[in-house]
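Okay, thanks for making time, everyone.

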Amino acid sequence: MEEMKTAAAEKKVNTEAPKTAAKTDNDKKKVKKPETEIAELTKKLAAKTAECEECSDRYKRMMAEYDNFRKRSAKEKEGVWADAYSDCIAHLLPILDNLERASQSKNVEAVTKGLEMTVKAFDDAMEKMGVKEIECKTFDPNLHNAVMHVEDEQYGDGEIVEVFQKGYCKGDKVIRYAMVKVAN
């Protein structure tokens, strides 16, 4: 029986030996010389370094472009504000001119007529700027400021009885709420 075990062990040793020899031959083919491996790694490193420098350069250019855009936008915003302000003042200057002319006149009728013309000029200027007077028929808390309340049967519920100060809006934005007296 021992002979069988010994024969089996020899057979096992014999089958393992050729496999080991085959592995070493394959490993020798796969193993490169250190000089060629270093040269390949150096090329890869140079390529990655160039790629990194390119990305860094692109990033720096993009940041500089963004900084220029930010500065340009701030300058344009400031310019738009100044232009809008100037346009508004230009629309109001004719009104000031009419008021100055009316103040120099000694004739009461001329002053009255001048004030009427000034009010019309002001309405025209507001219209040019897109500012509209708030309509005052029924009370709307989004447009009106009720400063007085009166109980009167001849007026409907929430009806505006008197306007103390006109309100103005531009589009959906209220510039000044109308100050009103509301019934019931």
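Let's start with a lysine: leaving aside its neighbours within four places in sequence, which residues is K181 in contact with? Keep in mind as you look that this is a predicted model. The contacts are M148, V150, E159, I160, V161, E162 and F164. K181 itself sits in strand β6, which runs over residues 178-183. And is K181 buried or exposed? It counts as buried, because its relative accessible area is 17% and the cut-off is under 20%.

C55 is partly exposed, by the way, with a relative accessible area of 37%.

Next, pockets. The largest pocket has a volume of about 160 Å³. Lining that pocket you'll find W81, A84, Y85, D87, C88, H91 and M129. Sorted by class, that's five nonpolar residues, one polar and one charged.

Last thing, confidence. Mean pLDDT for the chain is 84, with 83% of residues at 70 or more. Where does pLDDT stay under 50? Over residues 13-18, and there the model has zero contacts beyond four places in sequence.

That's my tour, happy to go back to any of it.

How values were computed:
Residues are numbered from 1 along each chain as its sequence is written. This is a predicted model: local features need pLDDT of at least 70, side-chain atom pairs count only at pLDDT 80 or more; totals for chains, interfaces and linings use all residues. Side-chain values use heavy atoms; hydrogens and water are left out. Buried means under 20% relative accessible area, exposed over 50%, partly exposed in between (1.4 Å probe, protein chains only). On a 1 Å grid over the protein atoms alone, a cavity is a set of points where a 1.4 Å probe fits but cannot get out, and a pocket is an open set with protein on both sides within 12 Å along at least five of seven lines; lining residues have an atom within 4 Å of a point. Grid points are joined across faces, edges and corners, and a volume is the space filled by probe spheres set on the points. Ala, Val, Leu, Ile, Met, Phe, Trp, Tyr, Cys and Pro count as nonpolar, Asp, Glu, Lys and Arg as charged, and the others, Gly among them, as polar. pLDDT is the predictor's confidence in each residue, from 0 to 100. Contact means heavy atoms within 4.5 Å. Helices (H or I, at least four residues) and strands (E, at least two) are DSSP runs, numbered from the N terminus.
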